[in-house]
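Open the structure in your viewer and get ready to select residues.

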Amino acid sequence: PTVSPTAKPTTANPTPEPSPSPTPPPTIPTSTLSTPLNARTGQAGNQFNIVAEKDIVLLEMSIHTSSESSIEVEVFTKSGTYRGYEKNRSAWRRIAKTAVQGRGEGHLTPLPKGAFDPIRIQAGETQAMYVTLTTPDIRYSEHDELGAIFAGNDDLDLFVGIGIKYPWGDVFTPRAFNGALQYQIVEPPDSPTVSPTDMPSDPYWSTFPSMLPTVSPTAKPTTANPTPEPSPSPTPPPTIPTSTLSTPLNARTGQAGNQFNIVAEKDIVLLEMSIHTSSESSIEVEVFTKSGTYRGYEKNRSAWRRIAKTAVQGRGEGHLTPLPKGAFDPIRIQAGETQAMYVTLTTPDIRYSEHDELGAIFAGNDDLDLFVGIGIKYPWGDVFTPRAFNGALQYQIVEPPDSPTVSPTDMPSDPYWSTFPSMLPTVSPTA
């Protein structure tokens with residue numbers, strides 16, 4: 001704001017009192033993921049994994065306890081899975097140690113607000129939690145499958161884990177945490193503002209650089225003979241051609257989904273996908289991915305990141321059914337890297353090919369290869385092998401710039417490489 005008032009009011013009827021400055025940031029809505037409270041047993045604590053489907057911030061937590069007295073609660077966390085670290089205290093970070101009044105069996109007992117600092121979990125990341133009392137009064141559910149999804153939504157999934165004695169003691173498995181997680185979704189801003197604001201529009205994303213160059217020209221022209229009229233700003237980036245790798249549609253069998261590997265021969269960005277389905281009705285499609293191979297992770301949900309959950313009108317046997325444009329964010333795969341894909345319907349209407357050799361190349365070109373994988377029941381069910389995905393992948397080849405420019409340009413020469421730092425600092429300060 002200006003230090004002194006302007007000569008004329010900016011509105012015909014100015015308010016008698018100035019508004020607070022700066023304007024408070026917008027309120028971000030809070031969501032809750034609640035589990036069933038169907039406990040039949042218990043101990044002191046639980047260890048379990050959560051996987052974020054979107055960028056989230058975990059804010060608060062409620063537990064399930066049989067106690068109606070004051071209880072001591074400790075919460076630990078670590079990046080990645082708890083598995084292999086069940087009794088390794090040094091791998092965990094304690095984020096809360098607090099007392100709370102238990103509300104008894106069948107009721108959620110919330111931890112005090114601010115019991116722990118918010119935990120940022122980016123889309124696709126796994127975060128391990130260890131929630132424990134000092135007494136065996138936590139209530140949790142028995143379960144048939146370690147690592148199965150016990151509660152989930154489009155934002156995050158919570159997986160069946162273990163029960164554990166306090167502290168870092170005997171393990172009971174599989175056991176499912178009973179409680180609730182409160183969180184916020186962190187959305188990046190749609191586009192940057194032309195002029196800087198007093199405060200970042202989103203504190204979680206404020207470390208990202210702006211996408212537009214300075215609107216005003218520099219004090220001195222950068223060329224000896226500048227053009228009389230400025231060029232449009234910013235200059236549109238060059239169009240990058242799109243390529244397609246299509247497989248044969250020679251399916252003779254099918255199930256709900258396929259898991260398979262692709263290996264990039266060049267740096268590529270996977271943009272879109274088409275599938276092969278026998279259905280001509282509306283079908284639900286989910287797409288998961290992970291770095292590296294699918295093998296050894298066929299039923300390990302926590303190892304995968306779901307990138308798409310969408311509905312599409314099936315086009316029937318012998319025809320490609322494209323997923324909607326923008327169904328998933330582009331996937332960058334560098335030359336030589338393996339990327340695993342799991343493409344599934346919720347019904348057994350995917351069509352795929354039988355094959356003689358697991359891991360053979362089923363379709364390929366000079367840019368990437370797609371390998372024979374497996375068929376699989378929905379979700380994370382029985383496996384059929386070898387089976388080859390039928391469909392098409394649309395992608396772009398990403399060529400790195402030959403060398404960095406000495407002076408910064410108005411826009412990155414390649415948007416896919418713009419996150420890499422320049423190799424030389426600014427030679428002299430700007431005017």
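Rings of Phe, Tyr and Trp, the last by its six-membered ring, count as a pair if their centres lie within 6.5 Å. The model you are looking at is predicted. By this rule it holds 12 aromatic pairs.

**First stop.** Select tyrosine 130 and tryptophan 168. Their rings pair edge-to-face, at 4.8 Å centre to centre and with 70 degrees between the planes. Now colour by sequence position. Tyrosine 130 is in strand 9 (residues 126-133), while tryptophan 168 is in the loop between strand 13 (161-164) and strand 14 (171-177), so the pair ties together parts 38 residues apart in sequence. Are these two residues buried or exposed? Both tyrosine 130 and tryptophan 168 are buried.

**Second stop.** Move to phenylalanine 288 and tryptophan 380. The ring centres are 5.1 Å apart and the planes meet at 70 degrees, so this pair is edge-to-face. Phenylalanine 288 belongs to strand 20 (residues 282-291). Tryptophan 380 sits in the loop between strand 28 (373-376) and strand 29 (383-389), so the pair ties together parts 92 residues apart in sequence. Phenylalanine 288 is buried, at 3% relative accessible area. Tryptophan 380 is buried too, at 11%.

**Last stop.** Which residue lies over the face of tyrosine 85? Select lysine 78: it is there, 4.1 Å from the ring centre. Then select lysine 290, which lies over the face of tyrosine 297, at 4.1 Å from the ring centre.

Key. Residues are numbered from 1 along each chain as its sequence is written. This is a predicted model: local features need pLDDT of at least 70, side-chain atom pairs count only at pLDDT 80 or more; totals for chains, interfaces and linings use all residues. Side-chain values use heavy atoms; hydrogens and water are left out. Rings of Phe, Tyr and Trp (its six-membered ring) pair if their centres lie within 6.5 Å; planes under 30 degrees apart count as stacked, over 60 as edge-to-face and the rest as tilted. Helices (H or I, at least four residues) and strands (E, at least two) are DSSP runs, numbered from the N terminus. Buried means under 20% relative accessible area, exposed over 50%, partly exposed in between (1.4 Å probe, protein chains only). A charge sits over a ring if NZ of Lys or CZ of Arg is within 6 Å of the ring centre and within 35 degrees of the ring normal.
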